[in-house]
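Student: Before we look at anything in detail, could you take me through how to read the features of a model such as this one, step by step?

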Amino acid sequence: MIVTLIVVCEVGFWVLLAAGLAARYLLKMPRTGIALLLCEPLLEVLLLVVTAIDLKNGADPSWKHGLAALYIGYTVGHGHRTVKWLDGHAAHRFGGAPPPPKPPRYGMARARHEGRVWLGSVVAAAVASGLLFLAALYVGEDGNTDGLYGWMFVAWRAAGIHGLIALTYAIWPKKAPEKAPEKAPEESSAVPARDPEHVPDLLVRRTGKDEEQV
């Protein structure tokens with residue numbers, strides 16, 4: 001049931017996101033669009049409540065409960081960035097707004113960007129760990145909580161790996177490709193054209209000189 005609900009929440013996230021953007025930009029109903037976008041956190045609340053009820057009914061803590069906590073944490077840490085990115089492209093495509101700025105690709109600007117994305121992973125791990133810890137307290141010492149604590153390790157290991165990847169952009173900044181030097185404009189060797197109005201006079205003068213020489 002928990003796994004099915006996770007799939008439903010994931011599908012519902014994208015359905016609400018598409019419906020909210022369509023109402024906001026295609027149907028010109030911005031308030032309705034914002035209301036639909038604000039309904040997305042309710043999916044995570046629903047998943048949290050169902051997970052707690054499942055544990056209360058005597059279900060043994062398993063990987064399903066850990067996966068639910070990780071999903072909620074990921075949505076909290078990175079969901080807003082996904083919504084903002086898609087909203088910027090929808091505003092540009094359907095609302096006439098300028099194209100959203102692209103993330104930096106080179107140098108320390110890219111390193112700072114990757115660091116901000118990594119902070120989202122830290123938030124995700126913290127939220128997941130908090131939920132798992134509360135679930136372990138809820139189950140109590142009599143229950144098997146090893147699986148819940150194991151998922152806490154999974155969450156922080158993923159955040160640590162992401163942090164190492166982000167750190168590489170600061171240690172070895174990606175350099176922008178060098179631009180080819182601009183060539184200096186070559187001087188034209190062609191004789192500048194004369195004014196067409198004076199061409200007949202020049203021909204007459206030249207012809208007269210030739211006749212005198214003859």
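Predicted model: local features only at pLDDT ≥ 70, side-chain atom pairs only at ≥ 80, totals over all residues.

Student: Where is Lys175 found, and how far apart are Lys175 and Tyr106 in space?

Tutor: Lys175 sits in the loop between helix H6 (146–171) and helix H7 (199–213). Although 69 residues separate Lys175 from Tyr106 in sequence, their C-alpha atoms are 5.5 Å apart in space.

Student: How should I read the chain as a whole, and which elements does it contain?

Tutor: One begins with the secondary structure, which here comes to seven helices and zero strands, so that the order from the N terminus reads α-α-α-α-α-α-α. Of the 214 residues, 29% count as buried. As for contacts between residues at least 6 apart in sequence, 73% of them join residues at least 24 apart. The accessible surface comes to about 15,200 Å², and carbon and sulfur atoms account for 65% of that area.

Student: Which residues make the nonpolar surface patch?

Tutor: The general idea concerns helix geometry: an α-helix has 3.6 residues a turn, so residues three or four places apart point the same way. In this model, Val3, Val7, Val11, Val15, Trp63 and Leu67 make a nonpolar surface patch of about 510 Å². Helix H1 (2–26) and helix H4 (63–94) each supply at least two of the patch residues, and H1 gives the most, with four.

Student: Is Leu67 buried, exposed or partly exposed, and why?

Tutor: Leu67, which belongs to helix H4, counts as partly exposed because its relative accessibility is 31%.

Student: What is the contrasting case of Leu5, and which residues does Leu5 touch?

Tutor: Leu5 lies in helix H1 and is buried, because its relative accessible area is 14%, where the cut-off for buried is under 20%. Leaving aside residues up to four places away in sequence, Leu5 touches Leu46, Leu47 and Val50. The C-alpha atoms of Leu5 and Leu46 are separated by 8.9 Å, while the two residues are 41 apart along the chain.

Student: Where does H4 bend, and what follows H4?

Tutor: A bend is read as an angle between fitted helix axes, and in H4 it comes to about 50° at His78. H4 is followed by Gly96, which has a positive phi, near 75°.

Methods
Residues numbered from 1 in each chain as written. Heavy atoms only, no water. Patch = residues over 30% accessible without salt bridge, like charges linked within 9 Å, V, L, I, M, F, W, Y side chains within 5 Å. Areas by Shrake-Rupley, 256 points an atom, 1.4 Å probe, with all protein chains shown as cover. Salt bridge = Lys/Arg side-chain N within 4 Å of Asp/Glu carboxyl O. Buried < 20%, exposed > 50% of the residue type's maximum accessible area, 1.4 Å probe, protein only. Bend = angle between axes of the 7 residues up to and from the residue. Contact = heavy atoms within 4.5 Å.
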